[in-house]
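Got a structure open and wondering where all those labels come from? Let's go through some of them, one at a time.

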Amino acid sequence: MGLKRAMMLGLDGADPLVVKKMIAEGRLPNLKKVLEEGVANKNLSMVGAYPSVTPPNWASIATGNWPRTHGVTCFFNQTLGDELDLAQLNWDSRRVESELIWEAFSREGKRSIMLNYCEAWPPRIKDDPYAVYVDGTGVIPFIRCQIDSPQFITLREGNFPTEVSAHGVKDNASDCIISTDMLEEMMGNDDQQAAKAAKEQSEADPYEDTPLIEFPFKVYTPEADDEGAGIDEVDRITAALKAPEKWSFELPEGAKVAIVPLAKSTVRRYFVITASDGKTYDTLTIYANRKDTAPIGQTKVGEWTENIFDTFTIDDKPVKVAYRIRLIELAADGNFAQMLMTNAMDIENLDYFYPRAMGKKLLEEVGPMMPHAKLGDVREDAGIIEFEAWANLFDWHIDATKWLFNEYPDWQLFYVHLHGIDIFNHWYINHTLPGWDKRSDFYQELLYKMYEINDKYVGAMLEYLDGDTSIIITSDHAAIPNSPGDKNPGFGHLSGIAVKVMEDLGYTVLHEETRYTKKPKIDWSRTKAICARLGHVYVNLKGRDPQGIVESEEYNAVVEQLISDLYSYRHPETGKRVVAFCMTRNEMESIGLGGPHCGDIIVELMPTYCETHGNCPTTVAHEGYSLDNLLMMIGAGLKKGELFRRVARVTDVVPTICHLTDTQVPSNTEGGIIWQALEGFQEEQYTRKPTKGK
């Protein structure tokens, strides 16, 4: 017998309904193998935590307890007693108020590996010799190591000055991505706070002393709620193609050259297009300058370069970076070309590896990870190119995982978080409905292709089934679209305080002179309650909240009236009911919420207003999709080719893994072992027979 091992493969956003459909169509061969040779229930699902959003559910899957206990209660965090508009970033292990499963493994001297797992970073056990961490601060690894934004580059023959148009910075995390510039923008809402945080960050030990990130929530009004929608998410560069001049060596005959400014126009690179057959232009070659004969990158139409290693100057210091370029279009006569350059990544930053020596070796032997790219509406085929970027990212995850297993052959626990499906849900799920988009079939296929590259990763992990290894495949939630014509009326926002409904009901009041500005302000002296995050409603309570106006003796009456008003609210455009149900602080304890990081009321909406996920329970289905969490298992100690009847929950994953690996559960665990999935356990079925007669 070898080491007892367990993998937890987290496929963020994966929908059991879609998985079942695609398995039946033969498009997910590896998940089909898990279903046929492993164990699940008939729906391939488990019940998730409230709200149906990323951090709370992954925290539950890593601790075995509910948000009330682990304290992660939405995408961002709030704490009673702080200002009601003060937000805290939840992608941080120090927000978790429970023991994590890998900490329990370390207690027993067992090796754990965490690859980009939400809330794993930073390590909480000082100088832990048993744990290995590869980031965990965002939806993709090293999102905080981005040096330059994606560039959409157009080359056109002519004689004109180079045009550079910077991308717009998103004002919200509605697709779960918090880019470097967005984080700077959020922190920049208070210049002194941002400067202080930046100074603390530069002086901090990344494992122990990095400050917890806090920032003021943005206020979303009907007038400002769509700010940022449709903005360019890439920098646009247009440069002139000309004949070569002043080169120290000879370029191929007919070559055309464009000088392209990169790194916020601090460096120039030479983009050369040529015809490999001497007639039809088909090749792009990138040079650092006109003297070095060796190019830094090369590709052909429809293909990506290999990793391009370069040096940019950032804050007057040289920084080694890597990026890739995809040549999208090149005119046969060489007078026009378009291409996408990915984010440039700082490849010397080891702050998000533990131990650091491992990170240096991984980057040298596996190579840097190239992140996703969002093109927006720059081209009709943008979605295909975005998918290719994600496919490259998933290939890196496969290579990095195999490298980690080889580097640490004594591993016994592996937790990984893969975020591609959820991103495509946010970007495209509404577009998959014919009522929303004429190209619905195109977007449906894009979404399915994202499931396929997740299935490819699962297949790579199935190679490690050796009689001692168990694999548990989960998701934190799925996603549902809005019905055509339906739009959230302004209640619940992932990234801030949504004003519209609460203002209509008379509970939230704005300073009117700020309504049409970029930063609307709440008049706290007249505001009785607000809706923050995804459905947390806070009473502005005197004595608890710094700007409170509601007297403690009025609290119960205000809560009762607020709930009544919310149930009575109808969508101003359609007349439909908006609120599905509300719970008070006492009542929400029954669904695993409550405590200092929850509002006074939790509000869940009707499915069509869910905004992809977050505003509805994970047991909801709508328009052919569900919000259910995925659960499938295969390997040592588990039944083979069977379905169990029991309802599983996110809190059951940790105790089941611990049982399979003979490890004591984390000290705060609330879930239970899924006995019915275990080899040799008989699940009896008792069914009432129908009575005859009356």
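Predicted model: local features only at pLDDT ≥ 70, side-chain atom pairs only at ≥ 80, totals over all residues.

Q: How many aromatic pairs does the structure hold?
A: There are 29 of them. Take F76 and F215: their ring centres lie 5.4 Å apart, and the planes meet at 85°. The cut-off for a pair is 6.5 Å, and planes over 60 degrees apart count as edge-to-face, so this is an edge-to-face pair.

Q: Where in the chain do F76 and F215 come from?
A: From distant parts: F76 belongs to strand 4 (residues 76-77) and F215 to strand 11 (residues 214-216), with 139 residues separating them.

Q: How do you know whether F215 is buried or exposed?
A: Its relative accessibility is 2%. The limit for buried is under 20%, so F215 counts as buried.

Q: Which residues make up the aromatic cluster that includes F76 and F215?
A: F75, F76, W91, F215 and F217 form that one cluster.

Q: Why is the W247 and Y270 pair called edge-to-face?
A: Look at the two values: 5.6 Å from centre to centre and 80° between the planes. Pairing needs centres within 6.5 Å, and edge-to-face needs an angle over 60 degrees. Both tests are passed, and edge-to-face is the label for W247 and Y270. This pair also links distant parts of the chain, with W247 in the loop between strand 13 (235-241) and strand 14 (256-262) and Y270 in strand 15 (residues 267-274). Both residues are buried.

Q: What makes R5 a charge that sits over the ring of W411?
A: The charged end of R5 is 4.7 Å from the ring centre, and the distance limit is within 6 Å, along with an angle of within 35 degrees of the ring normal. K256 gets the label too, with its charged end over the ring of Y281 at 5.2 Å from the centre.

Q: Why is T618 called buried?
A: T618 has a relative accessible area of 4%. Under 20% is buried, so that settles T618. It lies in the loop between strand 30 (601-605) and strand 31 (621-622).

Q: What makes the link between the side chains of T618 and N629 a polar contact?
A: The distance is 3.4 Å, and the cut-off is within 3.5 Å. A polar atom of the T618 side chain also lies 2.8 Å from the backbone nitrogen of G48. Leaving aside neighbours within four places in sequence, the contacts of T618 include V47, S52, H477 and L627.

Note on methods
Residues numbered from 1 in each chain as written. Heavy atoms only, no water. Phe/Tyr/Trp six-rings, centres within 6.5 Å; stacked < 30°, edge-to-face > 60°. Helix = DSSP H or I, 4+ residues; strand = E, 2+ residues; numbered from the N terminus. Buried < 20%, exposed > 50% of the residue type's maximum accessible area, 1.4 Å probe, protein only. Polar contact = N/O pair within 3.5 Å; in protein donor to acceptor, adjacent residues only side chain to side chain. Contact = heavy atoms within 4.5 Å.
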